[in-house]
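Hi,

Here is the structure I promised to pass on. My notes follow below it.

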Amino acid sequence: MAQITRCSGGFGHSDTAGYGNSWMAAYASGVGVRVSGFGRYGAIGNGSTANVTVSNNVALPSLPIDFVHTGDAPGSLFILGTDRNIYAWGYNNTDGQTGLGLTGITATVQKVTLPGTVAKIITRGASAYGY
């Protein structure tokens with residue numbers, strides 16, 4: 001069994017928020033990300049917006065070496081893959097939080113197009129609400 005490196009979730013206000021629309025993501029470095037809970041905004045990452053009561057393995061194109069949930073709404077999720085690319089899914093609203101050049105929910109993992117490779121992710125659970 002893999003050791004969980006980080007858990008994250010909530011409804012966008014903070015990683016510890018316990019709202020009815022909440023979800024939880026468990027990340028194990030070099031292994032994967034499992035998500036369960038409220039699926040309406042695509043945070044489950046399985047292509048659906050249905051709720052999931054048993055944690056779901058997120059299909060990732062590259063093994064994760066870092067993981068971030070930003071609280072900039074009901075949840076945008078990002079991984080840094082071993083291929084040094086960023087992959088995103090989840091809430092995207094009209095502001096394009098995921099950096100994919102899209103608006104609307106992104107219910108499957110998508111590669112973020114950047115001009116080069118990524119060394120590390122520097123944000124940790126930032127919230128537009130300031131808490």
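Start with strand β6, residues 76-81: 6 of its 6 residues are buried. Both of its faces are covered. Ser-76, Phe-78 and Leu-80 are buried on one side. Leu-77, Ile-79 and Gly-81 are buried on the other. Keep in mind that this is a predicted model.

Next, the partner strand. β6 and β7 (residues 86-90) run antiparallel, joined by 5 bridges. Ser-76 has Gly-90 in β7 as its bridge partner. The hairpin of these two strands has 4 residues between them, and Arg-84 there takes a positive phi near 70°.

Now the nonpolar cores. The largest one has 15 residues. Within this core, Ala-25, Val-33, Val-35, Phe-67, Leu-77 and Trp-89 touch the most other members. At least two residues each come from β2 (23-28), β3 (32-37), β6 and β7. β2 gives the largest share, 3 residues. Another core, of 9 residues, lies apart from it, and includes Phe-78, Leu-80, Val-118 and Ile-121. As background, nonpolar side chains in soluble globular proteins tend to be buried together.

Look at β6 again with that in mind. Leu-77, on one side of the strand, belongs to the largest core.

Last, a loop residue. Ser-29 sits in the loop between β2 and β3. Is Ser-29 buried or partly exposed? Ser-29 counts as partly exposed because its relative accessibility is 39%, and buried means under 20%.

Best wishes

Note on methods. Residues are numbered from 1 along each chain as its sequence is written. This is a predicted model: local features need pLDDT of at least 70, side-chain atom pairs count only at pLDDT 80 or more; totals for chains, interfaces and linings use all residues. Side-chain values use heavy atoms; hydrogens and water are left out. Buried means under 20% relative accessible area, exposed over 50%, partly exposed in between (1.4 Å probe, protein chains only). Two strands pair if DSSP finds at least two bridges between them. A nonpolar core is a set of buried Ala, Val, Leu, Ile, Met, Phe, Trp, Tyr and Cys residues joined through side-chain atoms within 4.5 Å.
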